[in-house]
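Subject: Structure handover

Hello,

Please find the structure below. My notes on it follow.

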Amino acid sequence: MTEKIYQQDAYLRECEATVVAVLDSGVVLDRSVFYCQGGGQPGDTGVLERADGQTVKVIDTRSDPGSGQQNHVLDEGIVPPQVGDRLIARIDWDRRYRLMRMHSCMHMLCAVIDAPVTGGSVTDGRARLDFDLPTPPDKEALDRALNEMISKDQPMRLRWITDEEMAEQPELVRTMSVQPPSGQGRVRLVEFENIDLQPCGGTHVSRSGEIGAVRIAKIEKKGKQNRRVIVEFA
């Protein structure tokens with residue numbers, strides 16, 4: 001199983017790794033800075049640099065349906081590295097950082113709107129959350145409140161609790177459609193101080209102020225009790 005070192009430090013841009021398996025579409029590494037698609041956040045892209053300096057392009061990172069292993073999906077037509085090869089795994093940092101900022105923004109949005117989350121996704125420069133709300137929030141007021149929350153520049157901290165502790169605190173789970181990543185003995189909590197605390201396996205900025213200015217692009221009705229809030233960078 002790949003050691004997901006991005007779970008400890010999302011700011012690492014590269015790492016040394018060894019190929020432990022070759023799949024039909026990519027390779028599995030013993031350790032990686034590449035975020036694996038999940039929880040509404042897309043997988044990282046980047047390159048794998050061989051010992052001779054040549055690089056192969058990683059176009060996605062996702063869990064392999066057959067083995068469940070973290071698959072670094074390679075561009076088509078490339079001769080993949082072989083099992084045992086040592087290489088440098090390097091992410092597309094600019095894209096990752098935008099995803100970190102926008103994912104963190106969704107935590108701010110959860111804090112501003114006091115309602116259960118029924119779904120959501122994060123893309124490059126844009127994201128959405130669906131809320132169990134009978135009436136839509138005021139767009140301009142929500143825009144102001146969200147940016148004010150971001151501008152507090154509160155620090156982000158990570159901590160871990162056991163699966164049992166997680167089960168005893170169901171109120172920590174904000175998303176109705178996605179369960180927290182559990183089953184490994186412990187669950188990671190993401191806390192933006194005095195703003196938001198919830199289990200999450202994604203990548204985040206170290207302070208809320210790093211998110212920068214955003215705007216509410218649209219609020220849509222997606223059912224009798226469902227409101228979709230779409231946010232993008234200003």
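Predicted model: local features only at pLDDT ≥ 70, side-chain atom pairs only at ≥ 80, totals over all residues.

In what order do the three strands form the open sheet? The order is S11-S12-S13, and the pairing is antiparallel.

Residues are numbered from 1 along each chain as its sequence is written, and side-chain values use heavy atoms, with hydrogens and water left out.

The sheet

Helices (H or I, at least four residues) and strands (E, at least two) are DSSP runs, numbered from the N terminus. Two strands pair if DSSP finds at least two bridges between them. The strands S11, S12 and S13 make up the open sheet in that order. Strand S11 (156–162) and strand S13 (196–199) are at the edges with a single partner strand each, so one side of each has no neighbour in the sheet. From one strand to the next the twist averages 20°; axes are lines fitted to C-alpha atoms, for helices over the stretch in contact, and angles run from 0 to 180 degrees between N-to-C directions.

S11 and strand S12 (residues 186–192) run antiparallel and are joined by seven bridges. Arg-159 stands opposite Leu-189 in S12. Helix H1 (residues 93–112) packs on the sheet and touches S12 and S13, its direction making about 115° with that of S13; contact here means heavy atoms within 4.5 Å.

Loops and a buried aspartate

Which residues have a positive phi although they are not glycines? Asp-153 has one of about 55°, and Asn-194 has one of about 65°. Asp-153 is placed in the loop between helix H2 (139–151) and S11, whereas Asn-194 lies in the loop between S12 and S13. For accessibility, buried means under 20% relative accessible area, exposed over 50%, and partly exposed in between (1.4 Å probe, protein chains only). Asp-153 is partly exposed at 31%; Asn-194 is exposed at 65%.

Asp-196, found in strand S13, counts as buried at 6% relative accessibility. Its side chain makes a polar contact of 2.9 Å with the side chain of His-107. A polar contact is a pair of N or O atoms within 3.5 Å; within protein, one must be able to donate a hydrogen and the other to accept it, and residues adjacent in sequence count only if both atoms are side-chain atoms.

Rings

Rings of Phe, Tyr and Trp (its six-membered ring) pair if their centres lie within 6.5 Å; planes under 30 degrees apart count as stacked, over 60 as edge-to-face and the rest as tilted. The whole structure has four aromatic pairs. One of them, Tyr-11 with Trp-93, is tilted, at 5.9 Å centre to centre and 45° between the planes. Tyr-11 lies in the loop between strand S1 (3–4) and strand S2 (14–22) and Trp-93 in helix H1, so this pair ties together parts 82 residues apart in sequence. Trp-93 and Tyr-97 have ring centres 5.4 Å apart and planes at 25°, so they are stacked. Ring pairs link Tyr-11, Trp-93 and Tyr-97 into a cluster.

A charge sits over a ring if NZ of Lys or CZ of Arg is within 6 Å of the ring centre and within 35 degrees of the ring normal. The charged end of Arg-101 sits over the ring of Phe-233, 4.1 Å from its centre. Arg-186 lies over the face of Trp-160, 3.8 Å from the ring centre.

Regards
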